[in-house]
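Subject: Handing over the two-chain files

Hi there,

Here is the structure I promised to pass on to you.

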Amino acid sequence: MKMRRVSAQKIAPYFFVAPFLISFCVFYLFPALMTVIMSFQELLPGQVKFVGLRNYELLMNPHFRNAIIVSSIYTVVTIAILVSVPIVLAVLVNSKITPARNFFRAGFFVPSLVSVIVAGVIFRLMFGTMETAFINAVLGSLGLEPQRWTTGGFVHAQVIMVSVAVWRWMGINMLYFLSGLQTIPSELYESAEMDGANAITRFFRITLPLLKPIIIFVITISVYGGYAMFAESYIYWSNLQPPNDIGLTILRYIYYTAFSVNEMGHASAAGLVLLLIVLTINILQLNIFGVFRKEA
Amino acid sequence: MKIGTGKKVMLGITVLMLVGFFAWSGGQSGGAAKGEYTFSFWTFQQFHIALLEDAADRWNKEYPDRRVTVESSSLPYADLHSKLLVALQSGVGAPDLVDIEISQFANFLKGTVQLADYSKYVDPVRDKFITARFDIYSKGGNVYGLPYHVGATVVYYNMNHLNAAGVRPQDIGYWTSDYVEAARKVKSATGKFMTTFESNDQWSFWPMISQQKSDYFNAAGDVILDNDINVKTLQFQYDMIYKDKLATLPPGGYHHTEEFYGFLNAGEIASLLMPMWYMGRFVDYCPDLSGKILVHPMPRWEPNGFRSAGMGGTGTAVTNQCDDLDVATEFVAYAKLSKEANIKIWEILGFDPPRWDVWDSPELKAENKYTNYFKNGTALFETLLEVKEEIMPVNVTELMPRASDLVKSMVVYRVLESREQSPYEALHEAAEELRK
Amino acid sequence: MLTVRTKNAMLRSITVVVLLLLVVLVLFPLYSLIVASFRSGRELMRLGLTPSFLIPETLMLDFYKALFTERNGIYLHWFKNSFAISALQTIITIFFASLVGYGLGVYRFKGRNLVFSLVLFVLMIPIQILVLPLFRIIISFRIIDTYWGVIAPFITSPFVVFFFRQYTLGIPGDYLDAARVDGVSEFGIYLRIMSPLMAPAYAAMAILQARQTWNDFFWPLIVLRSDKKLTLQIGLASLLTPYGSNYDLLLTGAVLATIPIIILFIAFQRYFVSGILAGGLKG
């Protein structure tokens, strides 16, 4: 009898994780292998042939390079803003001296409930080109020139894409950090205060280090989110290609190459490059933060 | 056994799911009875659906022994084309009938064409059509798509501004002289710009080069994007904006942005160069301009030059995954090629029908929301009749999608908006990229 | 010399002002959307997002009414589809992912780290790059243009798995042993003993998953094709074409598309937050 129970306990976990493994093989591993194979082929209706490294050579063009630059800058900027600001907000909202905390918490979170298409209509109008468009009107009242947001150039494009992203994700990140803050025992703060540490010191010496796991988590998903960005660009340039590639992200490049000019092999190669970039950055990032050191 | 229950439950769930997969995905309803045909139709412009449905009604009255039902779906533009591509590529999942936009059409003419040929319906009536509109959907002599309209490009003049400046459209014969002169007068009388040139789309550049018998490609399929005519034309646009300061860029960069409609409606420009299908935008989004806009042929570039160009367009095709190719092609031909059909194109869609022998029929002179809006009133099509011989076909090759995108996002942008390249530099760079 | 109380009061005021400003800024786009849904698309084009548009004199309900009749009530189909897919996906995903996460968090078994690394791997790598082959697989399973086609690849969401793993990591083994002594099967332990304990986690993940599925755009865009099968997001997107857009339906449709999820959130905010907090993304 005991033998049976032990083996049940030993086998059970495999059943529990089976759904993931099945799903992984069918919907992840297999397609990944197919992508690798397609990246060495040229695919047209009725004709599929191997072309060696040609698709990778095709990738060495200024558009793909632009896509990498746009995606990378976007990722860096969004991570910078979407880690620092939500932490501060979380601290403020968490603080005992702040009234109506539930209201603020909900208020910041609501934008993340709105879909990107919906947000798009409004943001497109807000960032209109005319002087009367909302953002330009605000600039005007500050004595600044109105800007041609969707066509103005690289910096403009980053500003408008990052704005939508920040608007949408700020609340969620804030919530993650809030959850992290709850795990910090208040005695730590109290004893620090008694030792004469002021708010700023407490923040940098206690809060930040203890939030490290969450920060790592947020950065990891933001690297993914940043490089896989499609929607925030699609909002502004949906039926057209962005002028001068200012809004061309890697995923847009893949989608365009696959479906608008019908070069699936080429697109698969781009997809693999994207995978390698994200993988590399995440591994680097995790190493820097020391996550791979043996857990106790 | 202790793991018994757990295992059973999981197994049960998995089985249920698999059953669910196959049950829910359900098939199409089984084969139709003889004489009943159901065709699936994809479009990205929901208004097109009305035309086919009307055609189905008329067809069913005329051929009650071969009833047709059209099941339409309106999908997002880019999405429709990408799905269609993948479906035709993989041999499964394509609709029976589909609208394909002209700048995407070339993608479907690559390799072995998976669309049905309409030649036997087109040939008998070809001479009654603006043939350019068939050529763009053809390959190797076969016609794979039937057009919705001519897309004749015209100039929409805001008569309030022109009258204030003492200018008459009929006196604007040439771009480089009369039009610029008129622009000066308008500017000094009203302070308004004469027009806008798109910096992120091709509807200002392309019609202008097309009327000069130029294009992105020549008839043999070579890239001619950087030829002299194109360079000169782009330079003309640049000069009007920056040298003469008589034209400007549209807000948002092209003529379909939400804010451009507001700009247009407020009367910020005295004229606009766009195809006939842009009429609907005026009617829908520029209520304040009702009764003020006159539709007129384009000015020429040289004596006896063309005064129009056929721009834009969507071809309705039948895919080879349709079970009843013959009936389907006959049906679409019925919906697009007859006189009746073309009258419907005007009545239902407000497009300039590609069959010119209906242009002087009484239905096209009847009152509707377009004739009520534009100053031409019921004489709207007389304007078109004037220029019917002056429309060049556009040369479509496999590189067309890339070419249009390059023009839209690189060429006109770099010359007219960011001003980082000269017309020749921009056109040449794009041409070289295409030639690779 | 400021007393601690005055200092606190000052800090409080500054904090409130800053937060209030930010919240107003953040909610402004939503306000614009709501106002816009009561006005015609034509007005929006004409006026842009200017004060004259945003502070309306009249509000019209016509567009809301039109929503249900336009194009034979296609909007209702979209709504139904979004609802059904979100509900199905949430329930199925939470069920399977919690199973996996539980398995990883509670048991020590060979291959445990490997599986977890795979989960992390999937979490880190955008699945969008696999869209082409995924599409072909869905076609060959014949679930294209169906709810299942939309749901299938994401049944074991790595994020949810990760969360449940973290959540169950801290559970002491004796607790489980006691149940085993009582003759409960492994799956029974999961079902009858642990699940109630994991209630906050279920709630939190359910809301997050529902939100994500409701707003999902890219993958449903690939899988769904018939008019009547589209979800709200795609249906609304189809209203924007290069040759003219249906703004009235779009704006009103967009507002109504957002309401359910906002209601869901506000109603369950408490559970949601406590779930996230309790789960604590430790390490």
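Below are my notes on what was found.

This is a predicted model, in which local features need pLDDT of at least 70 and side-chain atom pairs count only at pLDDT 80 or more, while totals for chains, interfaces and linings use all residues. Residues are numbered from 1 along each chain as its sequence is written, chains are lettered from A and ligands numbered from 1 in the order in which they are written, and side-chain values use heavy atoms, with hydrogens and water left out.

Let me start with chain A. It has 13 helices and 2 strands (DSSP runs numbered from the N terminus: H or I of at least four residues for helices, E of at least two for strands). Its radius of gyration is 24 Å, whereas a compact globule of 296 residues would be near 19 Å (taken over C-alpha atoms; the globule rule is 2.2 Å times the number of residues to the power 0.38). The C-alpha trace of chain A spans about 80 × 75 × 30 Å along its principal axes. Of its 296 residues, 57% count as buried (under 20% relative accessible area; exposed is over 50% and partly exposed in between, with a 1.4 Å probe and protein chains only).

Next comes a strand in chain B. Strand 3, residues 97–101, is mostly covered, with 5 of its 5 residues buried. Leu97(B), Asp99(B) and Glu101(B) point one way, and Val98(B) and Ile100(B) point the other way. In a regular strand, side chains alternate between the two faces of the sheet.

What does strand 3 of chain B pair with in the parallel sense? Strand 1 of chain B (residues 36–43) does so, over 2 bridges (strands pair if DSSP finds at least two bridges between them). There, Phe41(B) stands opposite Leu97(B). Strand 12 of chain B (residues 314–318) runs antiparallel to strand 3 and is joined to it by 5 bridges; in strand 12, Thr316(B) is the bridge partner of Asp99(B).

Finally, two backbone angles. Most residues other than glycine have a negative phi. Asn244(A), however, has a positive phi near 55°. It is found in the loop between helix 11 and helix 12 of chain A and is buried, with a relative accessible area of 16%. Arg419(B) has a positive phi of about 55°, and is found in the loop between helix 17 and helix 18 of chain B. Arg419(B) is partly exposed, at 43% relative accessible area.

Best wishes
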